[in-house]
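The following note collects points on helices, charge pairs and surface patches for a colleague's review. Please read it beside the sequence and the coordinates.

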Amino acid sequence: MTKRILLVEDEENFGSLLQNYLRLSNYSVDWMKDGSLGYSAFMKSHYDLCILDVMMPNMDGFSLAEKIKSKRKETPIVFLTAKSMKEDMIRGYKIGADDYLNKPFDIEVLLLKLDVIFNRTAIKESKSNSDHYVIGAYTFAVKTRVLSTKSVERRLSPKEGALFNLLCEHMNDVLPREKALIEIWGEDNYFTTRSMDVYITKLRKYLKEDSRIQIDNVHSSGYRMLVD
């Protein structure tokens with residue numbers, strides 16, 4: 001089924017170009033030129049994903065995203081911005097952004113990110129009834145936070161469980177550092193970053209029985225749990 005995307009972008013040339021590229025990639029795209037029009041369109045139709053510019057007239061992208069999430073929390077959101085300020089990125093992830101792209105960007109990068117987000121959404125939906133992940137030789141029960149093999153069973157702490165759950169959701173993809181810090185620790189600073197590094201080290205030790213699993217640092221981005 002063709003995925004429907006709501007694009008909200010006030011720059012005429014860029015919005016038109018992006019809409020055309022996305023349509024050529026077999027997406028159905030509605031393009032709105034400000035936040036208020038974007039919200040009206042969202043309320044009238046079902047969209048599988050929203051791409052929102054941050055700086056727009058009438059309603060900025062953050063305000064629009066908050067309204068969208070209040071109506072349909074599971075809707076994936078990708079922010080576009082001409083600024084690379086950490087504060088904006090943190091605000092976006094606090095609202096519930098799935099990804100963040102700084103202008104200018106390569107359209108192929110956006111297309112790859114959309115593929116990842118849609119695949120991730122499909123995986124989450126398929127697992128919504130079972131509430132567990134199978135990672136190599138391990139099984140992780142999300143609700144009870146139990147990580148187990150045939151011979152070992154370990155109950156993770158609340159933060160360990162939340163972090164491992166995010167890694168599972170982003171399996172073989174990058175889990176943005178800021179997203180994990182905001183969702184689990186509530187803020188992104190030096191101390192919470194160091195704390196998360198400690199938890200990552202613990203999770204690596206818990207997974208050491210299966211050499212096919214590794215958690216890699218992705219420079220300036222976050223972490224990626226690879227499962228061969």
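1. Helices (H or I, at least four residues) and strands (E, at least two) are DSSP runs, numbered from the N terminus. Tyrosine 21 belongs to helix H1 (residues 12-24). The model is a predicted one, in which local features need pLDDT of at least 70, side-chain atom pairs count only at pLDDT 80 or more, and totals for chains, interfaces and linings use all residues. Residues are numbered from 1 along each chain as its sequence is written, and side-chain values use heavy atoms, with hydrogens and water left out.

2. With a relative accessible area of 39%, tyrosine 21 is partly exposed (buried means under 20% relative accessible area, exposed over 50%, partly exposed in between; 1.4 Å probe, protein chains only). Leu17, Tyr21 and Leu24 make a nonpolar surface patch of about 340 Å². Patches consist of residues with over 30% relative accessible area and no salt bridge, like charges being joined within 9 Å and nonpolar side chains (Val, Leu, Ile, Met, Phe, Trp, Tyr) within 5 Å. The areas come from the Shrake-Rupley method with a 1.4 Å probe; for residues, only the protein chains shown count as cover.

3. A positive surface patch is formed by Arg154, Lys202, Lys205 and Lys208. Lys and Arg count as positive and Asp and Glu as negative, while His and the chain ends are not counted; the place of a charge is NZ of Lys, CZ of Arg, CG of Asp or CD of Glu. Lysine 208 sits in the loop between helix H8 (190-206) and strand S11 (213-218), and its relative accessibility of 69% makes it exposed.

4. Which elements cover the buried residues of H7? They include helix H4 (86-95), helix H6 (158-169), strand S10 (174-176) and H8. Seven of the nine residues of helix H7 (residues 177-185) are buried, so this helix is largely enclosed by the rest of the structure. The buried residues are Glu178, Lys179, Ala180, Leu181, Ile182, Ile184 and Trp185.

5. The model has twelve salt bridges, a salt bridge being a side-chain nitrogen of Lys or Arg within 4 Å of a carboxyl oxygen of Asp or Glu. In one of them, lysine 143 pairs with aspartate 131, with the closest N and O atoms 3.3 Å apart. Lysine 143 lies in the loop between strand S7 (138-141) and strand S8 (146-148) and aspartate 131 in the loop between H5 and strand S6 (132-135), so the pair ties together parts that are twelve residues apart in sequence. Lysine 143 is exposed at 69%, whereas aspartate 131 is partly exposed at 25%.

6. Aspartate 197 forms a salt bridge with arginine 177, the closest N and O atoms being 3.4 Å apart. This pair links distant parts of the chain, with aspartate 197 in helix H8 and arginine 177 in helix H7, 20 residues apart. Arginine 177 is partly exposed, at 22% relative accessibility.

7. Aspartate 210 and arginine 212 meet through their side chains in a salt bridge (2.8 Å, N to O). Aspartate 210 is buried at 5% relative accessibility, whereas arginine 212 is partly exposed at 41%. Elsewhere, a network of salt bridges links Glu9, Glu11, Asp53 and Lys103.

Notes:
Contact = heavy atoms within 4.5 Å.
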